[in-house]
Amino acid sequence: MLPCCAVRVCHVLMLVLCLSAAEDFDWTKNNHDSFYYGTFPTGFSWGAGSSAYQTEGAWDKDGKGLSIWDVFSHKKGKIQQNDTGDSSCEGYYKFKDDTSLMKELKLNHYRFSISWPRIIPTGVKSDHINEKGIQYYNELIDHLLENKITPIVTLYHWDLPQVLQEKYGGWQNISMINHFNEFANLCFERFGNRVKYWITFNNPWSVAVEGYETGEHAPGLRLRGTGAYKAAHHIIKAHAKVWHTYDTLWRGKQQGLVGISLSGDWGEPVDITNQKDIEAAERYVQFYLGWFATPVFHGDYPQVMKDFVGRKSVHQGLGTSRLPMFSPQEKSYMKGTCDFLGIGHFTTRYITHKSYPSGRSGTSYFTDRDLAELVDPRWPDPGSEWLYSVPWGFRRLLNFVKTQYGNPMIYVTENGVSEKMSCTELCDEWRIQYYKDYINEMLKAIRDGVNVKGYTAWSLLDKFEWDEGYSERFGLYYVDFRNKNKPRYPKASVQFYKRIISFNGFPNQREVENWRRKAVETCSSSNQLLAAEEQRSTAANILRLIHDPLTSHMEMVTEIVVPTVCTLCILLSAIFLMFLLRRN
């Protein structure tokens, strides 16, 4: 998330906050600005992540069926610059090369997802099983294990088979529960002898809200006030069914774990002396993370969701709440269906109470919450319009999970930061700072007693970023998408993250600062390599265009001028960094 797990900027109020509002409420005695030097528990697992549609490419190869993202991204105007994931990182063909990158990083685990339509093209198991798709994932899993990297496998990272969307309406239809269970059961059968960590759904918040409420994501439906709640209801029940299927049929022989990965921003009250703001901040987290976590751990939706959506539904003149209800049997069936909880976290918001009228036409998931989101303009914002670096919120969220859900086993499944620049800078010092600060807040949370077992940097590679296309980059490794071979280049953050993994934490201030300095030194040479490759690519494009006089001016601008400008950016930044390092 990835990156789309947060509310879009149109829902955020930009306000300069007074200093008193920036104070933290007292989860712990430590000031959130202090840095803690120490190590993680023995056996802590370090990894990086990806997802099928974002990295695999090969969208129509070897018997793969269409996904909703294949269809959505091919519609003009849906994705930035009309990008698609058709080829993306070509991970389908380059998984051995990428495993070598993981090995170089000294990763303990790699999180990836299985494309449902790659192994069941129509989404219906009885129609056809694509053995070539099965073979690909078998080879990937085997290669990871040969290199002593543990696979953590997500079953659903947003790429629903298109046939299920067209025929049934996707997650609006209760029939998805059985179809998804059959897909999951097939994965357990074919891969479960080697895969011991399963994640049913990645960030179902985005699936429900952005897929069925705002329409920003596939399948692009705008069912305001109802679509998100209905999709989430079926997703939660599908998760529970898959957990029980594994528990009944496979756990005894495979000894694996089944969890779910939920994304959540932290919500901090603007005024910690104002009870309405305190309640609004908790409501923000409950409508986000609690929407899915509370049914899985406690068997029902958060009471505050039931109260607010129910009351607004009554004011609309509706006979029943727009938030569906679980039967007593369903509540019992769902409760406790989580062997571990995956947490995806990127940023934080300040929250204040704001009442929205319950008009029939203006009702939505966002107005149901009766709150406003605010950001402090002093927070660093390196790229994505929604992603501000607020490390102390991470510790808050992890402690919230500990308190609310009985201190479950947690794997951080997504955490990272993007850049949004016309010329990507391999010397990504802002990402180094982000990882340093967020990982340190996670270490503090572990000292608070939070049961965090592993951390997944998001992401291993630059990749297709959903409605943002390739305009944003989250990768530790830069991918040159203009080159058909999609070469990977390490950013400075690769070396820094590698040092954290090797030490299993942070030794002392001097050593950590030395890590940063050496990482930046290394990236300057990578910048020069990338610049040389850019020059070769530009020369090839010029020769091609000379032999093709009908090529449009626009093509010349995009294929020659932009790479040339980026090449200059890279060269200049490398020269500047070398100058600075010599001065120091």
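In strand β6, F201 is the bridge partner of Y156. The model in which this pairing occurs is predicted. Y156 belongs to strand β5, which spans residues 150-156. β5 and β6 run parallel and are joined by four bridges.

Strand β6 covers residues 197-202. Five of its six residues are buried, and the strand is thus described as mostly covered. β6 also pairs with strand β7, formed by residues 257-263. This pairing is again parallel, and it too comprises four bridges. Within it, N202 has S261 of β7 as its bridge partner. β6 therefore has two strand partners, because pairing requires at least two bridges found by DSSP, and β6 has four with β5 and four with β7.

Strand β8 consists of residues 266-269, and strand β10 of residues 348-353. The two are parallel and share four bridges. On β10, pairing with strand β11 (residues 371-375) has the antiparallel sense. Four bridges connect these two strands. Here I351 has E373 of β11 as its bridge partner.

Helix packing was examined for α7 and α9. Helix α7 comprises residues 176-191, and helix α9 residues 227-249. Their axes lie 9 Å apart and form an angle of about 35°. The crossing of α7 past α9 is right-handed. From α7, the contact draws on I177, N178, F180, N181, A184, N185 and F188. From α9, these residues meet H234, K237, A238, K241, V242, T245, Y246 and L249. Sorted by class, the contact holds eight nonpolar residues, five polar ones and two charged ones.

Mean pLDDT for the protein is 89. A value of 70 or more is reached by 84% of residues. Residues 1-25 stay under 50. For this stretch the model has 90 contacts beyond four places in sequence. Residues 27-31 are also below 50 in pLDDT. That segment has 10 contacts in the model beyond near neighbours in sequence.

Definitions and conventions. Residues numbered from 1 in each chain as written. Predicted model: local features only at pLDDT ≥ 70, side-chain atom pairs only at ≥ 80, totals over all residues. Heavy atoms only, no water. Axes fitted to C-alpha atoms, helices over the stretch in contact; angles between N-to-C directions. Left-handed = near helix turned anticlockwise from the far one by under 90°. Contact = heavy atoms within 4.5 Å. Nonpolar A, V, L, I, M, F, W, Y, C, P; charged D, E, K, R; others polar. Buried < 20%, exposed > 50% of the residue type's maximum accessible area, 1.4 Å probe, protein only. pLDDT = per-residue confidence, 0-100.
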